[in-house]
Amino acid sequence: MLTEVAHGHAAALGVTTMTLHHALPNPLSTPFWLRRGYRPLFTQWVRHLGA
């Protein structure tokens with residue numbers, strides 16, 4: 001419900017596109033956002049150096 005309110009508020013202000021960053025390690029996160037119409041835009045690659 002919170003995301004619907006946020007999307008409605010943004011649309012009322014004239015926002016036409018929303019981008020988000022979500023927690024990939026959370027197995028529920030991707031399906032949650034897919035159900036709300038979000039689709040992958042790009043992939044981020046990270047390499048942590050050191051111990």
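1. The chain has a radius of gyration of 14 Å, whereas a compact globule of 51 residues would have one near 10 Å; the radius is taken over C-alpha atoms, and the globule rule is 2.2 Å times the number of residues to the power 0.38. Along its principal axes, the C-alpha trace spans about 45 × 20 × 15 Å.

2. This is a predicted model, in which local features need pLDDT of at least 70 and side-chain atom pairs count only at pLDDT 80 or more, while totals for chains, interfaces and linings use all residues. Residues are numbered from 1 along each chain as its sequence is written, and side-chain values use heavy atoms, with hydrogens and water left out.

3. The chain contains 2 helices and 0 strands, both being DSSP runs numbered from the N terminus (helices H or I, at least four residues; strands E, at least two).

4. Of the 51 residues in the chain, 8% are buried, where buried means under 20% relative accessible area, exposed over 50% and partly exposed in between (1.4 Å probe, protein chains only). The chain exposes about 5,100 Å², of which carbon and sulfur atoms supply 64%, the areas coming from the Shrake-Rupley method with a 1.4 Å probe.

5. Ser29 deserves a separate remark. Ser29 lies in helix 2 (residues 29-35) and counts as buried because its relative accessible area is 9%. Leaving aside residues up to four places away in sequence, Ser29 touches His22 and Ala23, contact meaning heavy atoms within 4.5 Å.
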